[in-house]
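Please report on the structure shown below.

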Amino acid sequence: MEISYNTIITAICVAVLLVYTWKLLNWAWFRPKKLEKYLRKSGLKGNPYKLLYGDLKELTDKLNEAKSKPINFSDGIAQRINPFFANAINKNGPYPVVLITEPEHVKEILTKNYVYQRQTHPNPFAKKLALGLAKLEEDKWAKHRKIIQPAFQLEKLKHMLPAFYQSCSEMISKWEEIIPKETSFELDVWPDLQLITAEVISRTAFGSSYEEGRIVFELQKEQAEYVINIIRSVYIPGTRFLPTKRNKRMLEIEKKVQTTIRRIINKRLRAMEAGETSKDDLLGILLESNMREIEQHRSKDFGITTIEMIEECKLFYFAGQETTSVLLVWTMILLSLHPEWQTRAREEVLQVFGNEKPNSEGLSHLKIMTMILHETLRLFPSVPIYRRRNKHEVKLGELSLPAGVLLIIPTILIHYDKELWGEDAKEFKPERFSEGVSKATKGQVSFIPFGGGPRFCIGQNFAMMEAKMAIAMILQKFSFELSPSYTHAPYVTITIHPQYGAPLLMRKL
């Protein structure tokens, strides 16, 4: 019997359709139910799995409800930042979620980074913001970390202080022009703090090319908004290929960012090949470290490609600017609310620097300032939650976990835990850190604003040095208090932002 060509094609199509239907059903129903059953046997409770969306709708509804209502400072922010996780251990989408708050378990997860790996969103468009060091795993992560590490050594960061100072000086000069003498003036400091941290990243990352770097910042800022919306929605396989307005705009931004950074990198490489000495900006140190690694092993396999370099630059931009700007704004808000600590910080700054330009040695001796910044990071951590997924079946304490469980470490809940921090956990008390982080945490892993273990944030020293410089320079010139128009409404984009800005009453000293 002769089988027609059309019959063969039809049979192949049916077979492909059946395979993909099975994969979809396994992803959306069979595997989640199997994992749910396993976890219930281990003694974990939670809502029963709901097809595809899981608890995502409830999570989104609770977030929107919380976002619609401001709060009092005495309330703490956990309930507003993530009311869903503040209430219970639940599930999200087609993956079971286990909430981890025990410091010993947190330590194990953050330390064993080859076992517990970062959770990535299934929609490839969620990766458009940056695919640098923060997103890599295993050997590739180790290679990138080794090459990037020199750029963030304290000795190298000292050379970047002039860029910190220049950006802060421009903001201070702007404020001095608009704030009248001998009277208070309402100023929303949030946009300016975002601007100077973007300027700092532009200058420290790209040196003389920082004007071009500003273009990258604006584009990355827009891209971040799209990525946040993607993360908070269920991904239906194949939708990334649809020519939607958002998809087209994200691809357009990606292309512009890639082109701009590639142009800066190529210009710098040509200069280095022509014999120019390497610059002390992040890009210069990164290129030099990469070339050294390649020459040492006599193979390009030990270095990182131009595309990977672009991704690392994108990450510098987003993570560096975002982390420091929120640290600065919440520090100013908390010092406005606690004038006694503002006075103590100012007295320390004037004792160390007077009205002179802050220097690296002096910044390292600002003990009160460090206490204040640590307490701000406790109350408003840079990363409100960490997501990890165990690569293999593991035993975590008494808990047995099958491969592929999403583990949520809610920084915000750990930092506000009364059992770990005392009955005053919601209060601003920098004296907790008077003898350092280890003493404040009693040696437990309960203070994780920059992560922990081998994957702790590589830019931690950069952010702290920049924050100290900016706050010190502001305290030298101004006193400030909360404006009556200030509304306390912290909310999460990727970090914790003030929803209605930060209007303060500024006064020249």
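Is Glu108 buried or partly exposed? Glu108 counts as partly exposed, at 21% relative accessibility. The cut-off for buried is under 20%. The model is a predicted one.

**Salt bridges**

Glu108 forms a salt bridge with Lys112. Their closest N and O atoms are 3.3 Å apart. Lys112 is also partly exposed, at 42% relative accessibility.

Arg249 takes part in a salt bridge with Glu222 and in another with Glu252. In the Glu222 pair, the closest N and O atoms lie 2.8 Å apart. Arg249 sits in helix H11 (residues 245-273) and Glu222 in helix H10 (residues 210-231), so this pair ties together parts that are 27 residues apart in sequence. Glu222 is partly exposed, with a relative accessible area of 22%.

The Glu252 pair stays within helix H11. Arg249 and Glu252 are three residues apart there, about one turn of the helix. Glu252 is partly exposed, at 38% relative accessibility.

The structure's count comes to 15 salt bridges.

| Salt bridge | Closest N and O atoms |
|---|---|
| Glu108 and Lys112 | 3.3 Å |
| Arg249 and Glu222 | 2.8 Å |
| Arg249 and Glu252 | 3.2 Å |

**Strand S7**

Strand S7 spans residues 406-409 and is covered on both faces. Leu406 and Ile408 are buried on one side. Leu407 and Ile409 are buried on the other. In a regular strand, side chains alternate between the two faces of the sheet.

Which strands pair with S7? Strand S1 (residues 97-99) runs parallel to S7, joined by three bridges. Strand S4 (residues 386-390) pairs with S7 in the antiparallel sense, over four bridges. Leu406 in S7 has Val97 standing opposite. Arg389 also stands opposite Leu406.

**Cysteines**

How many disulfides does the structure hold? The number is zero. Cys168 is buried, with a relative accessible area of 1%. Cys457 is partly exposed, with a relative accessible area of 29%. Cys457 is found in the loop between helix H19 (437-440) and helix H20 (460-477). An unreviewed UniProt entry lists Cys457 under "binding site".

Key: Residues numbered from 1 in each chain as written. Predicted model: local features only at pLDDT ≥ 70, side-chain atom pairs only at ≥ 80, totals over all residues. Heavy atoms only, no water. UniProt positions renumbered as here; feature names shortened; annotations may be inferred. Helix = DSSP H or I, 4+ residues; strand = E, 2+ residues; numbered from the N terminus. Buried < 20%, exposed > 50% of the residue type's maximum accessible area, 1.4 Å probe, protein only. Disulfide = S-S within 2.5 Å. Pairing = 2+ DSSP bridges. Salt bridge = Lys/Arg side-chain N within 4 Å of Asp/Glu carboxyl O.
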